[in-house]
Amino acid sequence: MPAHHTMKLQDLPQFTVEEVHGTSNDGETLVVGRLSHLRGMRGTRGYFYRLGGPSIVGDLDAVPSAETERVRFLTTEAEYAPELKPGIVYPWLDGNWQPGHISMILSPHERWERRTFSTSPARYFLVDGIMRWQPVDAPLPRGATDLGVHAGGWEHQRCELCPEELSAESTAEGFVDADNRWLCTHCFERYAKSQDISFAIDG
Ligand SMILES: [Zn+2]
């Protein structure tokens, strides 16, 4: 494997807030600012990544063509970020990823344990409109609607960061964290072990 530079939060594009305005749409906030660079940007949807609480999702009105360009970001989640004022800087996370991907890789790698994936019963549930599943004995996340247990319902598990599928029939060796998120061995070695978030920058 070629040597690579371990990337941290400060290597993501940094969004410097210059102006914050309410808009005529109720609950919507317009944030004007600049991005320090455009690496990893695939589209207009993205997050202001916040260490201290929920990240804020929203949309740029266009992908900037140059990093010096002023950008406009519309969000309905400004209420979660009382510190959102001119001068603050947020790491920008492209909407292709979720803030949980970053926090899971930045957490100490001791949180991960090697495990062999095997088909097992799964409890399905609905949370924030998305159907998910987890081991039968794990407590349901707050606000989840229980959809019941399916025997053999958990036959494969996609790696959180790449298209690799872990299943008893093919690649069964992987790593799982305290929140039941799975990584394939490659992604564990490449990212989690050194807390490297380069997947969100170069990916
Ligand atoms: Zn992977």
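Good morning. Two strands are said to pair here if DSSP finds at least two bridges between them. With that in mind, I turn to the structure, which is a predicted model.

I shall start with strand β1, residues 14-22. It pairs with strand β6, residues 89-94, in the antiparallel sense, and three bridges join the two. Within this pairing, Q14 stands opposite P91 of β6.

Strand β1 also pairs with strand β2, which covers residues 29-35.

I come now to a second part of the model. Three strands make up an open sheet in the order β9-β8-β10, and their pairing is antiparallel. Which strands lie at the edges of this sheet? They are β9, residues 130-134, and β10, residues 145-154, each of which pairs on one side only. On average, neighbouring strands in this sheet are turned by 30 degrees against each other, with direction ignored.

Finally, let us look at the contact between β8 and β10. Strand β8 comprises residues 120-127, and six bridges join it to β10, the two running antiparallel. To locate this pairing on the screen, please find S120, whose bridge partner in β10 is W154.

Thank you for your attention.

How values were computed. Residues numbered from 1 in each chain as written. Predicted model: local features only at pLDDT ≥ 70, side-chain atom pairs only at ≥ 80, totals over all residues. Helix = DSSP H or I, 4+ residues; strand = E, 2+ residues; numbered from the N terminus. Axes fitted to C-alpha atoms, helices over the stretch in contact; angles between N-to-C directions.
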